Amino acid sequence: MAGATSVAVITWVTRLAGLLAVVSVLVPAGRRALRGRIADWLELPHEATVGAATVVLVTGVLLMLLATGLKRRKRRAWQLAVAAAALLTVSHLGLRHAVGAGLVSLALLIALIATRRHFIALPDPVTGRWRAVRVFLQLAVAGVAINFVLLSVALGSLGIGDRLAQSTLALVGVSGPVVFPALWLEDLSAAVGLLFGIGAVLLAAYFLLRSAEPAPELTDDEIERLRGLLGERDSLGYFALRRDKFVVFSKSGKAAVTYRVIAGVALCSADPLGDPEAWPGAIEEYLEVCRRYAWSPAAMGCSELGATVWARFGLEVLEIGDEAVVDTDTFTLEGRVMRGVRQAVSRTKRAGYTARIRKAEDLSPGELDELRAVAATWRGTDTERGFSMALGRMGDPGSILVTAEHDGRVRGVLQFVPWGEKGLSLDVMRRDRTADNGVNELMISELLQTTPAQHVSLNFAAFRAVLEQGQRIGAGPVARLSARTLRFFSRWIQIETLYRFNAKFQPRWVPRYLAYPAARDLPRVGVAVFEAEGLGGRPYRLLRALRRV
């Protein structure tokens with residue numbers, strides 16, 4: 001607890017020191033108020049004062065960036081913060097106001113050194129060190145080159161050495177040997193140099209400190225070990241076999257946790273695999289990996305039992321919705337409550353649609369390729385959605401494929417993956433947008449009436465309880481407002497649409513939960529969840545551009 005308090009204090013002092021440094025440069029009143037006598041005594045030239053101001057400005061922004069890394073106990077962030085605090089303390093002498101912001105940065109330096117034992121987190125497995133060096137050199141060289149060309153065009157009589165010295169010194173705001181004939185040319189050269197100099201430092205710091213996202217891929221051996229841990233208990237267990245995950249096993253090998261790293265969050269889906277009594281061992285191994293790399297642990301879509309186990313390890317738990325599970329022995333199209341589904345099925349059958357149910361291994365490679373192609377065409381988004389209830393591939397052995405066909409053409413496809421020996425879980429649900437309404441109802445109802453499986457898991461209904469409570473007679477203003485807010489966002493992420501579709505089949509609702517470290521981590525965890533599920537998060541084009549740098 002004392003270590004956590006020390007880290008929290010260091011984080012806020014770092015932000016304060018950085019903010020004071022920026023303010024001291026940008027606000028003239030602050031400079032005048034904090035003006036001291038040290039620089040006068042040292043008789044520093046004007047160029048040194050300008051250069052020191054540039055260093056203080058960049059270092060102040062850098063400290064504010066480093067605060068996040070310090071919060072995560074990153075050793076590299078601590079090393080850079082020590083160097084930045086020392087540089088900031090010295091640079092304040094050149095700015096002629098060492099008393100105020102300089103004392104804060106000095107106090108920060110002392111505190112960092114005193115608490116160094118708390119900053120032990122390793123760099124991420126995929127480090128941005130060499131990328132940071134490359135970006136710094138690219139921007140610095142670009143700034144020097146542009147200034148060199150500018151001086152060559154405007155002042156062609158200058159020697160190459162003078163032009164090169166002036167262009168290089170402009171990166172830190174220091175005047176070089178060139179005497180400019182016009183003030184606008186001097187200002188332009190200084191602006192170009194400072195822009196590229198500051199940009200080189202800050203962008204290099206971003207790549208050095210950002211949470212790397214190592215590309216995960218389960219090996220064939222790991223997948224086989226995970227298959228051996230699958231059981232009847234969790235309907236989402238099979239989705240742990242997605243390739244784009246890491247896995248850690250308990251020391252006994254009887255349980256495992258799979259996860260993907262997104263935005264500094266090691267995001268798990270559903271419950272750990274294997275014997276529930278061995279889950280704590282797997283969770284301990286997973287949390288140790290999170291501590292080692294300063295990742296935030298989180299688990300989405302876990303069951304009530306899984307949420308209970310996660311809570312024993314100090315994570316907070318939030319109910320995020322319900323999974324729709326249909327028991328096939330009680331499912332029927334008869335009765336008034338099923339009239340909507342019954343009418344949709346009858347309508348599509350009269351229109352000439354038929355449903356076919358086959359095992360994946362009974363389809364030829366050509367048929368599977370055709371289904372993959374049409375499913376991708378009907379997807380409607382650039383990226384594949386789903387993480388906690390999506391396998392990410394079609395045709396796994398043991399999966400069931402249901403197709404709706406009309407006039408010899410496939411107009412809809414569902415894929416169900418195994419849920420132990422007695423159940424199925426819906427993975428893919430796609431249909432041709434030009435097909436008649438009711439195609440999905442036809443495929444699902446045909447499967448429910450003919451499958452030997454006892455339980456079938458359908459879609460996940462996010463915040464189902466909130467939607468139902470807001471629609472009840474006598475619901476309070478908070479419940480009604482929450483339901484209206486969810487309906488508003490349903491225009492983009494189909495919250496209410498999926499709930500109403502699931503409810504047609506009269507399922508039993510199984511609550512699912514999100515486990516996360518603390519309330520302050522919810523925004524980061526939320527970004528990771530939305531990005532994993534393909535619903536939003538950080539802009540894809542921005543991420544792609546940054547990965548290419």
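This is a predicted model: local features need pLDDT of at least 70, side-chain atom pairs count only at pLDDT 80 or more; totals for chains, interfaces and linings use all residues.
Asn-147 sits in helix 7, residues 129-154. Is Asn-147 buried or exposed? Its relative accessible area is 0%, so Asn-147 is buried. Now show what surrounds Asn-147. Leaving aside neighbours within four places in sequence, the contacts of Asn-147 are Ser-167, Ala-170, Ser-189, Val-192 and Gly-193.

Next, select helix 13 (residues 339-350) and helix 15 (residues 439-450). These two helices pack at an angle of about 105 degrees, and their axes are 8 Å apart. Angles of 65 to 115 degrees count as roughly perpendicular, and helix 13 and helix 15 are therefore roughly perpendicular to each other. Which residues make the contact? From helix 13, pick Val-341, Ala-344, Val-345, Thr-348 and Lys-349. From helix 15, pick Val-439, Glu-441, Leu-442, Ser-445 and Glu-446. Colour them by class: five are nonpolar, two polar and three charged.

Move on to the largest nonpolar core, which has 27 residues. Select Phe-416, Leu-458 and Phe-505, the members that touch the most others. Several elements give two or more residues to this core, among them helix 13, strand 6 (316-327) and strand 9 (409-419). Which element gives the most? That is helix 15, with six residues.

Zoom in on Phe-416. Beyond its neighbours within four places in sequence, Phe-416 is in contact with residues including Ile-400, Val-402, Leu-424, Leu-447 and Leu-458.

Last stop: a second, separate core. This core has 25 residues, including Ala-255, Ala-266, Cys-268 and Trp-310.

Definitions and conventions: Residues are numbered from 1 along each chain as its sequence is written. Side-chain values use heavy atoms; hydrogens and water are left out. Axes are lines fitted to C-alpha atoms, for helices over the stretch in contact, and angles run from 0 to 180 degrees between N-to-C directions. Helices (H or I, at least four residues) and strands (E, at least two) are DSSP runs, numbered from the N terminus. Angles under 35 degrees count as roughly parallel, over 145 as roughly antiparallel, 65 to 115 as roughly perpendicular and the rest as oblique. Contact means heavy atoms within 4.5 Å. Ala, Val, Leu, Ile, Met, Phe, Trp, Tyr, Cys and Pro count as nonpolar, Asp, Glu, Lys and Arg as charged, and the others, Gly among them, as polar. A nonpolar core is a set of buried Ala, Val, Leu, Ile, Met, Phe, Trp, Tyr and Cys residues joined through side-chain atoms within 4.5 Å. Buried means under 20% relative accessible area, exposed over 50%, partly exposed in between (1.4 Å probe, protein chains only).
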